[in-house]
Amino acid sequence: MTYKIAVLPGDGIGPEITAQAVRVLKAIESSALRFEMTTAPVGGAGFDAAQDPLPAQTLAICEASQAILFGSVGGPQYDALPRAQRPEQGLLRLRKHFDLFANLRPATVFPELAHASTLKAEVVAGLDILILRELTGDIYFGQPRGIRQIESGEREGFDTMRYTESEIKRIGHSAFQAARKRNKRVCSVDKANVLETTQLWRDVMTEVHQDYQDVALSHMYVDNAAMQLVRNPKQFDVIVTGNMFGDILSDEASMLTGSIGMLPSASINARGFGLYEPIHGSAPDIAGRGVANPLATILSSAMMLRYSLNEIAAADRIEAAVRSVLAKGLRTADIAMPGEAVIGTQAMGNAVVAAL
Ligand code: NAD
């Protein structure tokens with residue numbers, strides 16, 4: 001198979017870290033697996049090239065591709081631009097254009113890095129969970145919303161929590177399909193004891209589950225899920241939840257790992273097309289110095305292989321290569337313990353390529 005990949009490095013450390021992921025993808029090419037990668041500007045780089053954070057040509061390249069590998073966008077030099085031209089608009093418009101409604105955020109703690117977590121090492125060592133957050137519905141988008149004057153004369157703020165059956169169904173399918181590529185357990189998180197919207201969520205998840213009898217489904221209230229994530233996070237495999245609960249729980253789960261430079265993410269649509277990116281930003285404070293950790297982006301490329309291209313064995317190989325460089329003690333500055341030797345972005349890329 002030859003896969004077309006749009007590579008959008010973006011700004012700050014984006015170009016440095018995506019360059020390493022591209023090298024890793026080239027290193028796993030074989031006669032049966034090839035990548036045709038096309039690089040295009042996005043974010044501030046898009047503005048510099050075409051006065052647009054998502055230039056038309058960049059969008060055309062993405063449309064002609066099977067997946068997008070994205071670096072990061074943003075930088076102080078773009079902060080004063082009008083909103084429509086700000087770097088993050090490049091990412092938001094891509095999400096909207098491709099209807100990327102499912103956000104996948106793994107929280108993985110490599111045993112060697114368990115010390116970086118604020119939780120006890122034994123609670124998080126070996127953690128491997130995936131949070132699926134619905135990204136385009138819920139109280140963040142529901143109408144009506146606003147701040148109004150009520151009869152008593154005081155102001156009242158209001159928002160509308162809302163999910164249609166079809167919106168819940170499609171994220172449910174994504175969750176069960178993702179679980180099939182992992183440990184086949186889905187925990188659906190809601191607040192069905194209080195919120196009608198999430199009672200529907202629970203009912204529809206149970207219905208969708210009928211198509212996936214090989215996957216186990218459980219339900220949990222969001223307040224309990226927040227507790228369980230810090231008490232015993234290893235009990236979970238895939239957690240699926242709505243936009244607002246997912247916003248909060250996915251940040252909580254990433255912090256279990258303690259290392260922002262290690263965490264990949266994906267946003268995918270109903271066809272499995274996706275945008276893959278590290279969860280961190282463009283780190284202007286270290287950009288251009290060759291010290292950024294490329295592993296989150298390299299692991300994003302593994303997610304791309306797993307979830308958009310269905311090349312599970314290749315994804316496993318990249319993840320195993322990352323585990324082996326960590327086991328050898330190789331560290332970029334952000335994941336090193338005091339006194340540990342530190343290597344740069346390129347050297348970390350070299351190590352992963354060598355491990356492959
Ligand atoms: P950030 O994630 O860029 O950086 C936070 C801290 O983590 C910094 O100290 C940085 O040096 C460090 N860090 C981040 N990634 C690292 C890596 N791979 N290796 C080593 N250290 C790393 O967040 P911020 O400083 O709040 O934002 C900087 C810029 O990034 C802003 O313009 C923001 O809008 C943008 N941003 C973009 C995205 C995205 O592209 N999806 C996400 C978040 C922030």
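**Close-up views of a predicted model**

**View A. Glu16, Gln20, Arg23, Val24 and Ala27 of helix 1 are in contact with Thr345, Gln346, Gly349, Asn350, Val352 and Val353 of helix 12.** Contact means heavy atoms within 4.5 Å. By class, 4 of these residues are nonpolar, 5 polar and 2 charged (Ala, Val, Leu, Ile, Met, Phe, Trp, Tyr, Cys and Pro count as nonpolar, Asp, Glu, Lys and Arg as charged, and the others, Gly among them, as polar). The model is predicted, with local features requiring pLDDT of at least 70 and side-chain atom pairs pLDDT 80 or more, while totals for chains, interfaces and linings use all residues. Residues are numbered from 1 along each chain as its sequence is written, and side-chain values use heavy atoms, with hydrogens and water left out. Helices (H or I, at least four residues) and strands (E, at least two) are DSSP runs, numbered from the N terminus.

**View B. The axes of helix 1 (residues 14-27) and helix 12 (residues 345-355) cross at roughly 15° and come within 9 Å.** Axes are lines fitted to C-alpha atoms, for helices over the stretch in contact, and angles run from 0 to 180 degrees between N-to-C directions. Helix 1 and helix 12 are therefore roughly parallel to each other (angles under 35 degrees count as roughly parallel, over 145 as roughly antiparallel, 65 to 115 as roughly perpendicular and the rest as oblique). The crossing of helix 1 and helix 12 is right-handed (the near helix is turned clockwise from the far one by less than a right angle).

**View C. Helix 12 also packs with helix 11 (residues 312-327), at an angle of about 120° and with the axes 8 Å apart.** This crossing is right-handed. From helix 11, Ala321, Val322, Ser324 and Val325 meet Met348, Ala351, Val352 and Ala355 of helix 12. The contact of helix 11 with helix 12 comprises 7 nonpolar residues, 1 polar residue and no charged residues.

**View D. Helix 6 (residues 165-180) packs with helix 7 (residues 196-209) at about 50°, their axes being 9 Å apart.** The two helices are therefore oblique to each other, and they cross in a right-handed manner. Helix 6 contributes Glu165, Ile168, Lys169, Ile171, Gly172, His173 and Phe176 to the contact, and helix 7 contributes Leu200, Trp201, Val204, Met205, Glu207, Val208 and His209.

**View E. Helix 3 (residues 56-63) has four named buried residues, Thr58, Leu59, Ile61 and Cys62.** Buried means under 20% relative accessible area, exposed over 50%, and partly exposed in between (1.4 Å probe, protein chains only).

**View F. The loop between strand 12 (274-278) and helix 10 (295-307) contains Arg289.** Arg289 is exposed, with a relative accessible area of 55%. Ala283 also lies in the loop between strand 12 and helix 10; Ala283 has a positive phi of about 40° although it is not a glycine.

**View G. Gln143 and Pro144 are joined by a cis peptide bond, with omega about 0°.** Pro144 belongs to the loop between strand 5 (128-134) and strand 6 (146-149).
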